[in-house]
Amino acid sequence: MRQTEHMSIEYDTQSFLDLITRRNPDDAAWRDLRRRLDAMSDAELTDLYYRLRDACQVSEQGLVYPNIQNLHATPFEREKDRREQRPLVEQDSLSEVACWYREARDKSCVWWLENHVIARHALSSCMNCGACTALCPAAEFNEFNPRAIMSLVQEKDETSIVELLKSDTIWFCHQCGSCKTKCPRQNSPFGMISSLRQLSQLKGYHVQSIRGRQQYFARHFWGGNLWNRACTLYFRNPDPERHKDFGPRFAAYFRAKEEYLRRIGAQPDMEGHLSGRKVAPETLEELRKLWTAGGAVYFWSLIEEAAARQAAQAGMTIDEYHNHVMSEG
Amino acid sequence: MNPYHLAGRESTWQKHIKDIPVDNYFLTLSCILGSFYPASETMVPKVFDLLGLRWATTHTSHNGWSCCTAIGYHGDIMPIEATLLTVARLWALAQEAGMEVITPTCVTSFGTYCECQELLEQEPELRGRIARLLKDTCGRKLVIPRRLAHVSDVYYQHRERLAGHFQYRLIEAATGRPLRVVDHIGCHYAKLFPQRHAVGGSEYCDVLAGMVRTWGGENVDYPERRHCCGMGFRQCMIPPNRGATMASVHKKLKSMAPFKPDLIVTNCPGCQVFMDKEQWAVHEMTGEKYFIPVITYQELAGILLGWDPYEVVGIDFHTVPVEPLLDKIGIPYDREKSWHREP
Amino acid sequence: MSQAAAEKHTVMVVGGGVTGLGIALALDGLGIETLILEKGPSLGGKVKDYDKIFPDFVSGRDIVNELIARVERVPRISCRTGTVMAGLKETDTGYAVSTNDHQRLEVGAIVLASGFEVFDARLQEEYGYGIYPNVINGPELESYLDPHGPTGGRLLRPFDGKPARRVAIIFCVGSRSKRLGNPYCSRICCSYSTKQAIEIMERDPGAGVTCFYMDIRTYGRGFEEMYQYAQNLGVKYIRGRVSECSVLPEGDIQVRAENTLLGKPVQGVFDLVSLSVGMMPCADAACLADLLGIERGKDGFFSGVDQYRAPHDTRREGIFLAGSVTGLKPIHDCLNEALSVAGRVAAYLNNHAG
Amino acid sequence: MAASGIDYGWRLQGKTVRLCADRSLMADESAHQMEKALRQMSMEYYVLDRCMQCGICSSACPQGLLHDDAPFSPRNFIQRARLGLLNLSEDELWKCTHCGHCQMMCPYEIPFLEVMISLRNLVVEQGAGHVPVSIRSALASIASGGNPWKADAAQRVAWLQGLDIPPVACEPARKVHLFLGCLAGYDPRARRTAQTAMRLLHLAGVPFEVLADEEVCCGDSVRRVGDLATFARLKQTNKRIMLSKGVHTIYTLSPHCYESIQTLYGWEENQAVRVMPFLKLLFQWMVDGVFALTDAPRGRVTYHDPCFFSKHQGLVDEPRQILKGLPGLEYVEMEHHGRKSLCCGGGGGGFWRDVAKGRRLAEVRLDEALATGADYVATSCPYCLAMLEDASKGDERYAKLEILDIGELVWKGVRP
């Protein structure tokens, strides 16, 4: 981390709060924010995040968390996650599962295919009949052919598998599983593709294709929601600004979502067990431990590393890189 | 004249009768429904209670629920072990609540539970590792559920009893004509483990079609009936990829339009979102106006039960207005209760 | 019930199809007396329904009728139709057989020639057989092409009786599928379907026939030439397994596959889709195996003790196999087997005559 | 990504978002109709029915060595043609350079080049698709002026006036004729090659005459891009000239002219015109020891086989004998050679097509030549010479290679 200019940053001020909760700052504001985040220590930053998150007021409807809706999907939250997860993937603290993946990194792709549990279940032998491609929604609309992928994988040629992992091809799959139902040899092309995508990220090949490096956005979007809200999607995510395809009625709803959720009995950022509920810190703690043990945090760190490397090469800050990959292609 | 034999269809799905547990449901919730159609989840406990079913979910601070992480798994940011552990924890919560049937509201959760179940059954070494990690990490015990049910399975199982509470049927009030209903199943319900887990198998899946028939409607078969909605996890979520999602929705709409469906009923939260919401984008991009109402089976049951379309069923959240459907069935509604003005 | 005296026969042939008839006639040529036990109401098996057979387009019906006529003329051959075995006991001189109509038979040897069953296409659900009227199976197409058939040889759409000119033939239905439990190749479907395609094109050169295949296995003498002839007539062959059929409002069938040679999905709309169904072991194979105490392979067809050295012999002395019970064969191969099993049976009887 | 409709990106903050187009092929009535129409229009088309899609043609096709996203594949092409799925407007129809490797390998002897000619004929003469501009302009020029460059017909032989090769007086029966071909007629580089050939003829004491300016294009490329009508006219013109001049032996400098005149001009029994490639004459001289040779050109030489000699005619040993007979040179072979050599990209109208740098067959060929460590690349076809030289221009890597006609190399070593 860079040396700080002035350590005692007055982050409680309203102007700073405005800055970190801005979703689409202009370039100058963005760089200013980045400079300030870099200046904060890990402890300061995480402490600030949780203080803002847990700040609450009592209202007629119960407890209200005024900052919470503005924290998700911000560069601030992403930076907090990075800092918070970093110690969990240090060499000597890696979980057993993470160690397996770390070792798999240095082995060949062919080794992976023979050892990764999903890959093993996905392919016994392929006769190239094409039943998978025939009704594949991705093959219909993109330069994508699950049969060709299965056929290539079956040949076990390291060079061509590496080439595949560096290409856009594997990222077109919808993971719908239509192929699995139809395969006369009971293979699972979508399972194989899922395994190949994992391998691509494990080896850092994904950043070499446009569609592969979109994973950096996915890592923070879904990964951020999981890490902070224990759900891959959060009811505040579908910002109508990013979902103009959902039409004007959606925008109108979204403005009234708090009221709407409460009236139909959901629990927007409230305690409870239904949609939108605010996750309890103890539950979150337990899940974070599981995801660390399950190798997810290690996996995210790999995506993070690959992105940081590529961002540095391109002379972008990580925030610019994040926005770049989500709009590219 | 129908271009197909109903009897043939029936005998086909009847080959795949699923043994659906009748009670003791542990409800797990959906990220997508929670974000887009929360009423479809809040109505589930109401229906369970209405039918007097024994069910539970959990929300204590130590036993709170999480999502199943399947979007992360299919979106390729979760290794399978992390998903297995998350799912195993949910299963453990169910056991602790004394419920043996894991019942998700989400089709992808369902597919993932089935996949986890199969993996753990077939891979003893993996099973051992997951059990150990679950115990070491959070002190819970791995119990692989014997039977899995989707909430739609429960509705299907109790469809006749439920119909007993209905105030309306899927019939056009003015003419007495059964409404023509397209059922969209959701790939991860019907295509992943059709033999073991899908009511009626994958080709003529009956989980929604059966509800529709029992509730007075007519099933519509159309060429792209089994086609994926195009959600595709990373395809719908990352804007530059969304063209494929829209194209899939467009393809389905184009294919069903000649059959003049009155509504589309969905099983899967993701399909519900994109079949409904992308109709707007398709309209803007092609100028074609389909605007066929898309509702979940929970919402369908809700409106037929006579629950308030706005206050309980929350139909004003839809991109394609559902009011024309209510008019057809003859369900009264008070537009004043809607949360927003028509744009 | 009173115990009537057992009827005695030298050899009993189970199955009165083309193989069974051939065996009886061959044994007769060697001077051996035979009883044919036929499950159905009449002799002739499946081949009597085939107006033309591959690769030379002769009439299968004529062949069978000729065999039946010869069988009927020969005093050393007797037939029982509508009869199946119900029990079997070993005796000093061979086997004592009881039948479903409570007859007792004493025979010196048994030849199993009970043939095969056509795959039930309803099991491959994605093709909609039994649901979409314009999806038919291979034997049905055969009957549509038969001048003596239900349509007088005219190819009509079952849905509305209109002439069918756009025809798709889907190969490997119920064959080469681990998912359906039939991982084997049925061997004759490529050829019989190609024959059907030729018949359609020869009668109506303006028709369009598209065959969806995975591999064309026209392995026999004259089969590959027939395949090329079909191509010359303009039959389209698209390499790719069809993954689903669906129906359009007017009953047309939409077919979806991948053209694997071009690497792209392909869709087509047809008047009529014929499923080139593969073959299964005969329906009562499991029952017969139990009754006779003989083995079947993983594919359900019967297995001889040694397919190289003793292809007709079973584990039990005096019980032999011939024809499609050991796996699918074209008609002329079945007739060849009839001749060879007759030789084997004669040798056996010779050695066991006491 | 295939896409259609409006760009929705402005709404979604993605750069471009379009409704993806359905890539599915159609196996329906329209495809059947198109296929039937193709059958009716062209008899040669029937031969495609023999194809069993084994793919040996595609593995033999030199285009497979190019770094092309969609390399030309004869197998794929036949499959689509047979299913009525061919798009005759696509550039792909013009990619084939008629090297003939595919049909040489084909187990069913499918005359792929004739199929290509038939299909191109549908486009060129019957308007079934789009003809690339450069090809259209070359065809128009040949149809009106007998050469592809809209040049004056007289220019074809005008340049010969200034040469210091005195005509040999002899009785007409001893005199042979030289068919220049369009390149030697108009292209300065090819003119030098032709000039060298003439000097060799003169030195060897062979009385010869260049066909007068009435000579027109031999028509090979014209036929191969499908303009059969123009080919027929060119053939008639050339035959008439040759017959009226009492030609009995004619040497061609280009293998394309040779194949065209020899095999496609349809000489009658009583028209005893003998057509020979100049290469064969050169070979005979070397065998007979006509020239005294020095070791003047020194270094390594490799030979690039023109397809129309190697694959079409099997003429592969003679040029190698010639080169091996030059005392100062060490002969080396490229990876692909003889009947399996690689095409330069100039045949079948390829000479007239514009192909971007980095996607040219000649570049692949030059890389192979470099790999041998050769100093000289000899060839015996003006197309090959031009294609290889063009590809080497402006590229440092190829600077060390000298690309020459085989006659020129011999001339360097001949002691006057």
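Colleague: What should I know about the model and its numbering before we start?
Modeller: This is a predicted model, in which local features need pLDDT of at least 70 and side-chain atom pairs count only at pLDDT 80 or more, while totals for chains, interfaces and linings use all residues. Residues are numbered from 1 along each chain as its sequence is written, chains are lettered from A and ligands numbered from 1 in the order in which they are written, and side-chain values use heavy atoms, with hydrogens and water left out.

Colleague: How many residues does the largest nonpolar core have?
Modeller: The largest nonpolar core has 278 residues. Such a core is a set of buried Ala, Val, Leu, Ile, Met, Phe, Trp, Tyr and Cys residues joined through side-chain atoms within 4.5 Å; buried means under 20% relative accessible area, exposed over 50% and partly exposed in between, with a 1.4 Å probe and protein chains only. Y189(B) and V273(C) are among the residues with the most contacts inside that core.

Colleague: And what is Y189(B) in contact with?
Modeller: Leaving aside neighbours within four places in sequence, its contacts (heavy atoms within 4.5 Å) include F110(B), H150(B), C205(B) and N267(B).

Colleague: Turning to chain B and chain A, how many residues are in contact?
Modeller: In that interface, 102 residues of chain B are in contact with 89 residues of chain A. The buried area is about 7900 Å², and carbon and sulfur atoms give 61% of it. Buried area is the accessible area (1.4 Å probe) that two parts lose on being put together, summed over both.

Colleague: How many salt bridges are there across it?
Modeller: The rule finds 10 salt bridges between chain B and chain A, each being a side-chain nitrogen of Lys or Arg within 4 Å of a carboxyl oxygen of Asp or Glu. K182(A) and E203(B) meet in a salt bridge through their side chains, at 3.4 Å from N to O.

Colleague: What about chain B and chain D?
Modeller: Here 14 residues come from chain B and 11 residues from chain D. About 1100 Å² is buried between these chains, 66% of it on carbon and sulfur atoms. The rule finds one salt bridge across this interface, and the side chains of D22(D) and K251(B) meet in a salt bridge at 2.7 Å, N to O.

Colleague: Last one: is R320(D) buried or exposed?
Modeller: R320(D) counts as buried because its relative accessibility is 7%. Beyond neighbours within four places in sequence, R320(D) is in contact with Y303(D), D305(D), Y331(D), E333(D), H337(D) and G338(D).
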